[in-house]
Amino acid sequence: MTVTEKRLAKRRRITEEAARLFGERGYQATRMADVAAALGMQAGSLYYYVDSKEALLAAIVEERVSVAVDMLTEILVEDLDPVAKIRRGIEGHLVVFDEHADLYRIFLSERLDAIAPELAETVDRLGRRYEDLWVDLVNEAIAAGALRPDLDPWLTMKAIVGMCNSTLCWFDPAGRLTPEEVADRFADVVLAGIRA
């Protein structure tokens, strides 16, 4: 392993541990010393890998929110029936939320614009891109005749994304349903109301 590869691997461990701690304790309550202690490092050593706590949060946000955008981008270009794409989008959303719940809990509990305005702008930009992709999915399904023609694509997107986002408040990974099973049931509910 090269020096660069070792540095990148260490930085990934740092961001993973920081995301876990930020999710559990909250961003404001977590100190860089806490992150260092969890990694068995000296606090000063963290600054070799990251400039500040804000920069650490920004790295986590960029990486993890981009996962959701990339997932939906891939679904949109797949050669699938438009209704199947909506099902896959709902499943992808819930799987990403489950895998990165630490980050999405930060969104629920912290005001990112108070932490770092430029970070809030990045999150807003990625969020708008994600919502635009959902609107594209809905429009594609309407154009294919798979969904009701009288649907408002933007409002439909908000309903789907809002329902999926609500799982952060109640979903238990150790509960009786997997994210995929919840997604399947959500898709049934959504499609029962919007199919042509």
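Q: Which residue lies over the face of tyrosine 27?
A: This is a predicted model, in which local features need pLDDT of at least 70, side-chain atom pairs count only at pLDDT 80 or more, and totals for chains, interfaces and linings use all residues. Residues are numbered from 1 along each chain as its sequence is written, and side-chain values use heavy atoms, with hydrogens and water left out. A charge sits over a ring if NZ of Lys or CZ of Arg is within 6 Å of the ring centre and within 35 degrees of the ring normal. At 4.3 Å from the ring centre of tyrosine 27, the residue over its face is lysine 53.

Q: Why is the pair of phenylalanine 22 and tyrosine 27 classed as it is?
A: Rings of Phe, Tyr and Trp (its six-membered ring) pair if their centres lie within 6.5 Å, with planes under 30 degrees apart counted as stacked, over 60 as edge-to-face and the rest as tilted; by this rule there are four aromatic pairs. The centres of phenylalanine 22 and tyrosine 27 are 5.1 Å apart and their planes stand at 70°, so the pair is edge-to-face.

Q: Is histidine 100 buried or exposed?
A: Buried means under 20% relative accessible area, exposed over 50%, and partly exposed in between (1.4 Å probe, protein chains only). Histidine 100 touches Arg64 and Val67, not counting residues up to four places away in sequence, where contact means heavy atoms within 4.5 Å. Since its relative accessibility is 13%, histidine 100 counts as buried.
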